[in-house]
Amino acid sequence: MAQNFVEKIVQKYALDLPKNYKVKSGDFVNVSPAYVMTHDNTGAVIPKFIEAGAEKLYNPQQVVFTLDHDIQNKSEANIAKYKKIEKFAQDKGNDFYPAGRGIGHQIMIEEGYAFPGSMMVASDSHSNTYGGLGVLGTPVVRTDAAAIWATGKTWWQIPPVVKVVLSGKPDKGVSGKDIILALCGTFNKGKVLNTIVEFSGDGVENISVEQRLTIANMTTEWGALGGLFPVDQITLNWLKKKIVEKPENHPRLNTTTLKELLLERENLSPDADAFYTKEIEIDLGSISPVVSGPHDPKKIFRSAEKKKIDKAYLLSCTNGRLEDFKEAAAILENKKIESNVKFYISAASSLIQEEAEEKGYWQTLILAGATELPSGCGPCIGLGEGLLEENETGISATNRNFKGRMGSKDAEAYLASPATVAYSALEGFISNPYFNDSNITASIKSNTPAEKEVSPTEIITGFPERLTGEIIFCDQDNMNTDLIYAGKYTYNDDFSSADQAKVVMENYDPEFSSKIKEDTILVSGYNFGSGSSREQAATSLKYAGIKLVAAGSFSQTYIRNAINNGFLCIEIPELLEDLRKRFAEKVLTLQTEIKVEIDFSKSLFTADNKSYNFTPVGKAAQEIIVCDGLENLIKQQINQRQV
């Protein structure tokens with residue numbers, strides 16, 4: 001069976017596969033990633049690790065801590081938190097990088113953890129940044145991180161994969177940031193939602209590794225779970241340069257690891273006939289500088305609107321690298337920023353700042369009027385100095401401009417390239433001399449996989465082969481976590497499982513809980529569980545007695561939280577569409593009285609004598625459901641090791 005690049009990487013890191021089995025999109029698999037990174041949220045993972053009964057890390061070399069989010073916070077509480085995390089790392093023997101060393105993702109790249117052709121995870125939504133180096137990087141939730149600490153592995157459902165063909169050469173003034181913003185704005189209706197994007201085409205050779213990292217980073221804002229560039233000569237040249245810069249005995253960036261990569265390189269590209277659920281093409285030459293916002297990374301424009309700005313930002317894991325400061329310095333050399341504009345700069349790592357200082361870029365920006373912030377996340381996530389205040393407008397080289405993210409909810413944030421940020425800071429309004437509102441040349445097509453005979457799914461002891469129930473229908477797309485479980489209850493630690501059940505879905509339908517029966521199966525729309533990562537949006541439905549949720553599609557974070565808490569979700573878009581045709585009149589929660597039978601061995605959902613296929617629930621997911629959650633499974637696996 002032909003495999004795309006994503007499937008080939010997963011094949012290397014998957015565990016307990018049947019002999020000669022080739023993984024494919026949709027499979028539930030156990031994986032042992034090369035590394036797992038946690039940052040400030042390490043403080044929240046530690047108690048999960050301890051509560052699971054773990055005392056030592058399964059593989060200390062697999063675990064990396066980087067403090068980078070709230071580093072400007074000098075309160076006693078935050079200092080104590082940071083000391084606790086550092087002490088934990090010292091006791092357990094894993095790698096630790098203190099506040100000020102840089103943003104975690106950049107550290108993972110600079111120190112060779114993100115090595116081409118590997119798979120790694122982090123408890124952060126921009127783990128896909130590593131894709132710029134041909135690394136399959138994807139986010140996990142905190143329970144997953146604790147599982148990897150304790151057992152060396154976690155589960156993953158391989159997403160659909162989209163091929164993005166980049167053709168041609170970018171025009172002068174166009175950067176990687178403009179390319180990804182153009183993709184976000186052109187294909188802005190969920191076209192890559194919950195997929196992994198593979199970039200290819202002759203245009204790739206015209207994009208540097210630093211620009212690839214920017215593009216991969218913002219596939220998150222496009223809606224994808226990751227973005228993956230090929231391991232080509234540009235990647236290898238970048239890697240060779242880094243190896244030369246490091247000591248000969250560096251544990252990851254050395255001539256031995258390079259030789260191993262070269263031997264493996266033939267396996268680091270997709271098969272010619274690999275399947276992609278969609279194929280997108282875009283002509284890089286048709287893209288000019290792009291600005292997005294306010295409040296939405298997918299809302300773009302490409303012409304000067306003379307929008308006055310108060311603050312400008314060149315920082316973050318998206319655009320805080322050397323090329324970015326070089327470009328901004330060339331624009332601002334021997335010039336002075338408007339006195340009414342505050343311009344903030346922060347390197348993605350201390351090493352980048354040192355190099356920018358050596359080359360004179362940093363001093364050029366300071367002389368132009370920039371304010372230096374320490375290497376870390378800072379204003380990008382609304383922490384520390386330089387936040388947007390009420391009624392202010394900012395232009396930023398970061399990745400998100402959601403309302404209130406960078407400061408006041410009554411401020412406006414726009415996203416743009418480092419060049420546009422520098423030009424705008426200089427002029428006092430959103431500006432770039434290369435703005436051009438000509439049409440972007442791009443296309444998209446969907447592919448239908450060839451029908452294959454579905455092999456029966458092996459059912460493990462304790463997992464039901466069949467399940468029966470009755471459908472209640474909530475015809476709502478983007479059923480977000482606030483609708484499912486109101487935010488006001490999230491941090492009430494005294495809330496019992498019964499309390500959660502009482503308030504479930506009250507923001508959507510106050511009558512919902514009264515309509516649940518003993519065998520209720522909930523069917524809902526597309527992108528179910530979007531929004532925050534609160535686990536109660538899954539557990540409240542479970543505690544209310546819902547047997548499982550079937551939806552058109554799910555937020556992948558929601559699925560992770562659901563399965564990690566022993567609650568099953570399956571995607572059946574055809575069932576949703578049939579119910580919409582049958583029940584055209586909108587009712588918040590409809591008791592359909594439709595009886596269903598679910599055959600997990602055949603992956604069939606039968607309702608009113610019509611059967612629907614769904615992705616097989618593999619062993620990796622089954623064993624979590626049987627143990628009533630990942631934490632219990634971890635305890636079981638630890639106990640088995642100790643026997």
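A residue is called buried at under 20% relative accessible area, exposed at over 50%, and partly exposed in between, with a 1.4 Å probe and protein chains only. The structure is a predicted model, in which local features need pLDDT of at least 70 and side-chain atom pairs count only at pLDDT 80 or more, while totals for chains, interfaces and linings use all residues. Residues are numbered from 1 along each chain as its sequence is written, and side-chain values use heavy atoms, with hydrogens and water left out.

D475 pairs with R580 in a salt bridge (N to O, 2.6 Å), the term being used for a side-chain nitrogen of Lys or Arg within 4 Å of a carboxyl oxygen of Asp or Glu. The two partners are 105 residues apart, with D475 in the loop between strand 21 (466–474) and helix 15 (481–484) and R580 in helix 19 (residues 573–582). Helices (H or I, at least four residues) and strands (E, at least two) are DSSP runs numbered from the N terminus. Through shared partners, D475, D477, E577, R580 and K586 form one network of salt bridges.

The whole structure holds 34 salt bridges. Among them is the pair K311 and E389, at 4.0 Å from N to O. K311 belongs to strand 15 (residues 311–314) and E389 to the loop between strand 17 (370–372) and strand 18 (393–396), so this contact ties together parts 78 residues apart in sequence. K311 is buried, at 3% relative accessibility. Another salt bridge joins K24 and D27 (3.3 Å, N to O); here K24 is partly exposed at 33% relative accessibility, whereas D27 is buried at 10%.

Attention now turns to open space. A pocket is an open set of points on a 1 Å grid over the protein atoms alone, where a 1.4 Å probe fits, with protein on both sides within 12 Å along at least five of seven lines; lining residues have an atom within 4 Å of a point. The second largest pocket contains about 590 Å³, a volume being the space filled by probe spheres set on the points, which are joined across faces, edges and corners. Its lining comprises 24 residues, of which E210, K241, K242, E245 and E355 are the closest to the centre. Helix 9 gives the largest share of this lining, 6 residues. By class, the lining has 9 nonpolar, 4 polar and 11 charged residues, where Ala, Val, Leu, Ile, Met, Phe, Trp, Tyr, Cys and Pro count as nonpolar, Asp, Glu, Lys and Arg as charged, and the others, Gly among them, as polar.
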